[in-house]
Amino acid sequence: MKYHTHVNNICTNDHNRQVGLISSSYTVMSAQINGLPVPPVPQKPVTIAIVGAGARGQGYATFATAFPEWLKVVAVADPHDYKRNLLVKEHGIPTENTFSNWTEMVKLPRLSDAVAICTQDHLHTAPAIAFANLKYNILLEKPMAVSLQECQDIVEAVKRNGIIFAVGHVLRYTPYTTSIMQVLNSEQIGDIVNIQHLEPVGFWHFAHSFVRGNWGNESRATFSLMAKSCHDIDLIPFMMRAGKCKKISSFGSLKHFRKENKPKEAGNAKKCLDCIFEPSCPYSAKKIYVDPYVNDGHTGWPTSIVHPNEDEMDIESLTESLQNSNYGSCVYEVDNDVCDQQVVSMEFENGSTASFSMIAFTEALCERKTRIFGTRGEIVGDGVDEIIVFDFLTRKRTIIKPSAEEQLGKSRWSSGHGGGDYGLMRGFVQACATGNPNYILSGPEETLDSHIYVFAAEEARKTNTVVDIEQFKKTHLN
């Protein structure tokens with residue numbers, strides 16, 4: 001199984017005769033944000049504490065390794081010794097700034113300029129408010145929180161304390177999105193009439209994260225549209241540029257990963273490694289975790305979630321971890337209850353519309369597909385590195401390649417989400433260094449709005465209604 005797909009940006013000769021080809025470059029620290037000038041390198045790097053040293057916390061921290069003149073990790077809090085010590089070792093964090101719980105950190109005077117809060121979704125609110133009250137600038141992993149009231153409480157704390165605040169809506173910051181926004185802002189396709197946006201989660205990724213994993217059960221985390229797709233719903237109004245969403249509806253369900261869909265050949269087996277049907281099951285834990293380790297020596301994500309201590313991983317300890325956790329369980333025998341497919345329809349204040357689909361059952365792994373229909377042209381994007389713009393007037397196509405070219409030896413895909421992780425970190429760090437929040441592409445109120453849309457969509461799905469956003473806000477917000 002391949003965990004990373006390398007996309008070859010190849011146009012055939014026949015295609016090249018029909019279209020124009022544009023190469024657009026993207027560099028991590030030199031690109032402008034919101035038209036603002038690129039600030040000079042600060043005399044001292046911005047300092048940051050990491051709360052939650054899992055995959056997202058570690059990912060954001062790598063920005064400091066890549067750009068030490070801009071950012072320095074000086075503190076960490078995480079209850080897992082191995083994960084915490086990885087960051088301690090990589091960033092030289094002193095012992096006195098190492099904590100098993102963020103509550104210990106907030107008892108001390110402020111340790112850093114900023115904090116990245118990357119705890120589990122349902123554990124965002126308390127640390128976010130506590131660190132805001134201590135005047136830390138905050139990077140909060142998405143979603144903000146798992147209830148609308150908690151989201152509002154966080155925004156109020158941010159505004160009350162006047163801090164720099166960013167939520168991990170990384171899709172706004174990718175080279176791909178930047179290139180789309182340049183086309184939209186040029187008015188080349190006229191007024192936007194409709195947007196169609198698809199998130200193909202990936203069949204094994206959904207099984208890993210949203211069936212067996214941390215986000216499989218709503219009572220322990222949140223619903224899948226919020227956990228997986230809140231930054232997709234956030235991206236749509238960003239691209240629409242037509243005011244706020246006015247009405248929203250949604251349909252979806254847990255269609256496949258249910259006990260009644262378990263293959264009869266699997267019998268009563270509860271664990272993949274004990275199941276005679278395993279060789280014929282595409283969701284087999286052996287195929288997702290064991291085979292990549294045995295065949296390729298793969299110890300990174302998602303195998304590292306099953307067995308976090310990569311240094312001590314062997315086939316015996318990996319299989320033991322599978323047998324003793326949900327990650328080795330049959331996907332039809334766990335207590336998952338979140339949607340594996342959902343659609344959302346949105347109407348905006350100017351009458352434009354948008355539709356979004358989240359689907360588990362895809363080969364593509366989170367490679368979003370976007371179509372934008374304007375009055376003078378349309379855009380088709382592959383979510384990775386090709387954007388096709390068709391001009392109704394000239395009847396010509398232009399292909400844009402928003403490749404994030406290498407800079408200072410750093411691979412263009414050296415950060416997650418197609419460069420979005422580094423793009424977000426760049427904006428947040430530059431905002432902290434200058435004190436200018438406009439380096440962040442979504443302020444607290446705008447971020448709250450996009451979360452409102454997600455909560456409203458889920459209410460629409462559960463109640464089989466069309467939800468009026470203003471009425472929803474009056475009902476659910478103080």
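**Figure 1. Helix H9 and its bend at Cys230.** In this predicted model, helix H9 bends by about 65° at Cys230. The helix runs over residues 224–240, and the distance from its first C-alpha to its last is 23 Å, close to the 24 Å expected for 17 residues at 1.5 Å a residue. Because 17 of the 17 residues of H9 are buried, the helix is largely enclosed by the rest of the structure. Just after H9 comes Arg241, whose phi is positive at about 55°.

**Figure 2. The open parallel sheet and its strand S2.** An open sheet is formed by 6 strands with parallel pairing, and their order is S4-S3-S2-S5-S6-S7. Strand S4 (98–99) and strand S7 (165–167) are the edge strands, each of which pairs on one side only. Strand S2 (residues 46–51) is mostly covered, with 6 of its 6 residues buried; on one side these are Val46, Ile48 and Ile50, and on the other Thr47, Ala49 and Val51, so that both faces of the strand are covered. S2 is joined to S3 by 6 bridges in the parallel sense, and within this pairing Ile48 has Val73 in S3 as its bridge partner. Strand S3 (residues 71–77) is in turn joined to S4 by 2 bridges, again running parallel, with Val76 standing opposite Thr98 in S4.

Figure 3. Leu87 is found in helix H3 (residues 81–91) and counts as buried because its relative accessibility is 1%, against a cut-off of under 20%. Leaving aside neighbours within four places in sequence, Leu87 is in contact with Ile50, Ala53, Gln58, Ala61, Val76, Gly92 and Ile93. Between Leu87 and Thr434, the C-alpha to C-alpha distance is 26 Å, with 347 residues separating the two in sequence. A UniProt annotation from an unreviewed entry, "domain: Gfo/Idh/MocA-like oxidoreductase N-terminal", covers residues 47–169; over that range the chain is 41% helix and 20% strand, and the end C-alpha atoms are 21 Å apart.

Figure 4. Strand S8 (residues 192–200) pairs with S11 in the parallel sense over 7 bridges, and Gln196 stands opposite Ser355 in S11. Strand S10 (residues 341–348) pairs with S11 in the antiparallel sense, also over 7 bridges, and here Val344 has Phe356 as its bridge partner in S11. The hairpin of S10 and S11 has 4 residues between the strands, and in it Gly351 takes a positive phi near 95°.

Figure 5. Most residues other than glycine have a negative phi, and most peptide bonds are trans. The peptide bond from Lys142 to Pro143 is cis, with omega near -10°, and Pro143 has its place in the loop between S6 and helix H6 (148–161). The bond from Trp301 to Pro302 is cis as well, with omega near 5°, and Pro302 lies in the loop between helix H10 (285–296) and helix H11 (303–306). Arg395, in the loop between strand S14 (387–391) and strand S15 (396–401), has a positive phi near 60° and is exposed, with a relative accessible area of 69%. Asn464 has a positive phi near 55° and lies in the loop between helix H14 (444–463) and strand S16 (467–468), where its relative accessible area of 58% makes it exposed.

Figure 6. The mean pLDDT of the chain is 90, and 91% of its residues reach 70 or more. Over residues 1–26, however, pLDDT stays under 50, although the model has 57 contacts beyond four places in sequence for this segment. Over residues 404–413 pLDDT also stays under 50, and the model has 22 such contacts beyond four places in sequence. Where pLDDT is low, the predicted coordinates should not be read in detail.

Note on methods
Residues numbered from 1 in each chain as written. Predicted model: local features only at pLDDT ≥ 70, side-chain atom pairs only at ≥ 80, totals over all residues. Heavy atoms only, no water. Pairing = 2+ DSSP bridges. UniProt positions renumbered as here; feature names shortened; annotations may be inferred. Buried < 20%, exposed > 50% of the residue type's maximum accessible area, 1.4 Å probe, protein only. Contact = heavy atoms within 4.5 Å. Expected span 1.5 Å × (residues − 1). Bend = angle between axes of the 7 residues up to and from the residue. pLDDT = per-residue confidence, 0-100.
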